[in-house]
Every structure is written in structure tokens, then in C-alpha cells.
Amino acid sequence: IYTLSLHDALPIYTTQFKKIKTIGLGAFGEVSLVRKKDPALTQLFAMKTLKKVEVLKRNQVAHVKAERDILAEADNEWVVKLYYSFQDRDNLYFVMDYIPGGDLMSLLIKFGIFQEDLAQFYISELVCAVDSVHKMGFIHRDIKPDNILIDQNGHIKLTDFGLCTGFRWTHNSKYYQKIGRAHV
């Protein structure tokens, strides 16, 4: 994973990524569909932008660090892949796989009720996905249909690790309260 310094963040974001559209809004910011400006690359990415002021105000620094850690460490088919993380003065950015199939909640709304074989398929994949997270030493703590994405082949990927923990000192909110919440 490539992490950029504060001094590098503005040039790479503004010169290397083009925002196509907003695909999600949350309490701390938004998720946008982006593309690198390199004409040789056509891959789309999802870029999560978190407002630092909101992260600090809501005492979520530890959760953001845990989310970044699991996304950076995950190298399996069950968790969205993180390609870049960087920051500027106001925001934190996570550039991840764009998963085009939507989320499980949208699929539930579309079908109303899953047929038994489809329900078994998604539950078994979810068990494998949660197990992979646990094997990495993390707990998701926000498993819900909105946070289960469907890839182009119909398989799931977990996303939104904003409430996860890895039981590391950097994932402990009390640590950041002690140091005056100065570190993001």
C-alpha cells in the first residue's frame, strides 16, 4: 500500500484522480467514484473522503486508524482492497476497489425475500468473510446489508470498517484523548 505524506497529498489527489460522481454519503464524508488521470489506466476506484474535523469531533481517530489498518493488511477475496491512503489539511482519503454490484441491502430491496439457495449462498460467503477478518486479528462490529458489497461475479466483499478494532494501542480511543487528539 502506498501512503503519501501530507506534502505529497494535494498534488497526487488533484493531478492524478478525477472524480466521476458521488456514490455514497456518510456521517464523516463521502465515497466517490474516481479514475486515475493516466490515460493508459481505465480502472475505476471508490475514494472514501473523511473530514478530519468530524473524525476529531466524534472521537473516531482510533476507528479510522483501525479501518485503514485492516484495509491495508487485507489481501483476500472477502475485503475491499486499499490502493492508496493519503491526507490533506482537511481530509483523509482511502482509494479502494470499486465494487460495481451494489450492496446486499439493495439486493434485498429488489428481491424482497431471497430464495433459500440464494440466502444460503450469501450467508455462507458472509461466514467466510467474517472468518477472514477474525483471522487477521480484527472485529468488524458493523456487519449489516449496507456494508456487504456484491462484486461483478455476484460474490460478496466487506466494506466500511469504521467501527472495527484490532485490539492494538493505535485502535484505542483513550490513547488519543490522552495526547490531546492532536494526531490524525
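**Close-ups of the largest pocket and its chain**

**View 1. Who lines the largest pocket.** By class, the lining holds 15 nonpolar, ten polar and nine charged residues. Here Ala, Val, Leu, Ile, Met, Phe, Trp, Tyr, Cys and Pro count as nonpolar, Asp, Glu, Lys and Arg as charged, and the others, Gly among them, as polar. This is a predicted model, where local features need pLDDT of at least 70, side-chain atom pairs need 80 or more, and totals for chains, interfaces and linings use all residues. Residues are numbered from 1 along each chain as its sequence is written, and side-chain values use heavy atoms, leaving out hydrogens and water.

**View 2. The middle of the pocket.** Of the 34 lining residues, Val31, Lys48, Asn147, Thr159 and Asp160 sit nearest the centre. The space inside comes to about 860 Å³. A pocket is an open set of points on a 1 Å grid over the protein atoms alone where a 1.4 Å probe fits, with protein on both sides within 12 Å along at least five of seven lines; lining residues have an atom within 4 Å of a point. Points are joined across faces, edges and corners, and the volume is the space filled by probe spheres set on them.

**View 3. Elements around the pocket.** Strands S2 (17-25), S3 (29-36), S4 (44-51) and S6 (91-97), plus helix H3 (61-73), each supply at least two lining residues. S4 gives the most, with four. Helices (H or I, at least four residues) and strands (E, at least two) are DSSP runs, numbered from the N terminus.

**View 4. The chain behind it.** Six helices and eight strands make up the elements of the protein chain.
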